[in-house]
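Biologist: I would like to go through this model and ask what stands behind each label. Please show it first.

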Amino acid sequence: MTYASLPRSLKTFPARKSRILLACAAVLALASMPALAQDKAVQLKLSSWVPAQHPLNPALQAWADDIKKASNGSITATLFPSEQLGKAFDHYDMARDGIADFAYVNPGYQPGRFPVMAGASLPFLFANGKSGSAAIDAWYRQYAAREMKDVKFCFAFVHDPGTFHSRKKITVPTDIKGMKVRPATSTVGQMITALGGTNVQASAPESRDMLERGVADAITFPWGSIGLFGIDKVTTFHMDSPLYVTPFVWVMNQGKYNAMSPAQKKVIDDHCTTEWAEKVASPWADFEFGGRAKIAALPGHEVYKLTAEQTEAWKKAVAPGEAQWADSVKKAGQEPKAVMDSLKANLVKYKAAL
């Protein structure tokens, strides 16, 4: 039998088979496409209490833009700076309650609530804000789920080291006695109290007014933000010593995360890492570091270094603060020595230790 004599149905079978196979392959390809293409749109509200021009905000926006790209556009975000959604003190609860989907939190604004994290603001630990942010994030991940169980922890970071900025020169610990100081964190506040000073509580946006009205005599603040928040208009003396850092966290409303698809959750998880902590913190660290030279160039301002003896006097004077911190950590059910040893090991690992 020749090909010409074959029935027409048999002649066309290979072509039909090919078409069927191609159709099946197309269906399988569609089925195996990333689920992101079929995910429901998610709109996130990001809340930042620092002013719009603060360098943290563009870094957070870049983070959100990368999430949009990685999710094929299914996750978009709007950033609300300048306390538009709520006061700085309230940002943890705003994330917990869904007022914001992501919130920038200073745990030190609520003394006693986050005892483990408070250890990172003990004096004379951090050398810088960049690798210091990687160090604090890598360290705190082992405690976040327990200490911040109301929210989904994304990452932790710090600013470049801050110091005293005041109306009168502060060189030794005894100078604090009788002074009214706005501390950056509850841990710094304990140090002020131990040295005979009085704490004046105020968020960063409220601080200039407190100093201007004489409610406070001094403030602990990072260098670049002195100009950003107008503190340079109400202080003239600036201690040039890496006294402390303020730890921060970027946290998410747990319900918002739970409502996402598995693919979208993965995108969020991929952007809540130690690498992203350092990436988001780095522009701010550069900004704060550069502020020192700007303040030193201002007429009527004095930026001064401590002598070796003065530095040792400070370290000795603030040492009891660690014991006080340790007591609060024990009450929270953690072993303070293990917690602090882990922090210091991460600071060494990431080359951020003093």
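Biologist: Which residue in strand 7 is the bridge partner of Val181?

Modeller: Asn199 is the bridge partner of Val181. Keep in mind that this is a predicted model.

Biologist: What makes strand 6 and strand 7 a pair?

Modeller: Two strands pair if there are at least two bridges between them. Strand 6 (residues 180–182) and strand 7 are joined by two bridges, so by that cut-off they pair. They run parallel.

Biologist: How do you know that strand 6 and strand 8 pair?

Modeller: The cut-off is again at least two bridges, and two bridges link strand 6 and strand 8, in the parallel sense. In this pairing Arg182 stands opposite Ile219 of strand 8. Strand 8 also pairs with strand 5 (residues 163–166), in the antiparallel sense and over four bridges. There Thr163 is opposite Phe221.

Biologist: Which strands make up this sheet, and in what order?

Modeller: The order is 7-6-8-5-9-11, an open sheet of six strands with mixed pairing. Strand 7 (198–199) and strand 11 (302–305) are called edge strands: each pairs on one side only.

Biologist: What makes both faces of strand 8 count as covered?

Modeller: Buried means under 20% relative accessible area. In strand 8 (residues 218–221), Ala218 and Thr220 on one side are buried, and so are Ile219 and Phe221 on the other.

Biologist: What is the order of the five-strand sheet?

Modeller: The strands follow the order 2-1-3-10-4 in an open sheet, and the pairing is mixed. Strand 2 (75–80) and strand 4 each have a single partner strand, so they stand at the edges, with one side of each left without a neighbour in the sheet. On average, neighbouring strands here are turned by 20 degrees against each other, direction ignored.

Biologist: How do you know that strand 4 pairs with strand 10?

Modeller: Six bridges join strand 4 to strand 10 (residues 247–252), and at least two are needed. The two strands run antiparallel.

Biologist: Why is the link of Cys154 and Cys272 called a disulfide?

Modeller: The sulfur atoms must lie within 2.5 Å. For Cys154 and Cys272 the S to S distance is 2.1 Å, so the pair meets the rule. The count by this rule is one disulfide. The link is left-handed, with -95 degrees about the S-S bond.

Biologist: Where in the chain do the two cysteines lie?

Modeller: Cys154 is in strand 4 (residues 152–158), and Cys272 is in the loop between helix 10 (262–270) and helix 11 (274–296). They are 118 residues apart, so the pair links distant parts of the chain.

Biologist: Are these cysteines buried or exposed?

Modeller: Buried is under 20%. Cys154 has a relative accessible area of 0% and Cys272 has 7%, so both count as buried.

Biologist: What is the phi of Asn72, and is the residue buried or exposed?

Modeller: Phi of Asn72 is near 55 degrees, a positive value in a residue other than glycine. Most residues other than glycine have a negative phi. Asn72 lies in the loop between helix 2 (56–70) and strand 2. Exposed means over 50%, and Asn72 has 55% relative accessibility, so Asn72 is exposed.

Biologist: Is Phe124 buried or exposed?

Modeller: Phe124 has a relative accessible area of 14% and is therefore buried, the limit being under 20%. Phi of Phe124 is also positive, near 60 degrees. Phe124 is in the loop between helix 4 (115–118) and helix 5 (130–147).

Biologist: How many cavities of 30 Å³ or more are there?

Modeller: The count is four.

Biologist: Which helix gives the most to the lining of the second largest cavity?

Modeller: Helix 6 (residues 186–194) does, with three residues. That cavity holds about 40 Å³, and its lining divides into four nonpolar, three polar and no charged residues.

Key: Residues are numbered from 1 along each chain as its sequence is written. This is a predicted model: local features need pLDDT of at least 70, side-chain atom pairs count only at pLDDT 80 or more; totals for chains, interfaces and linings use all residues. Side-chain values use heavy atoms; hydrogens and water are left out. On a 1 Å grid over the protein atoms alone, a cavity is a set of points where a 1.4 Å probe fits but cannot get out, and a pocket is an open set with protein on both sides within 12 Å along at least five of seven lines; lining residues have an atom within 4 Å of a point. Grid points are joined across faces, edges and corners, and a volume is the space filled by probe spheres set on the points. Ala, Val, Leu, Ile, Met, Phe, Trp, Tyr, Cys and Pro count as nonpolar, Asp, Glu, Lys and Arg as charged, and the others, Gly among them, as polar. Buried means under 20% relative accessible area, exposed over 50%, partly exposed in between (1.4 Å probe, protein chains only). Axes are lines fitted to C-alpha atoms, for helices over the stretch in contact, and angles run from 0 to 180 degrees between N-to-C directions.
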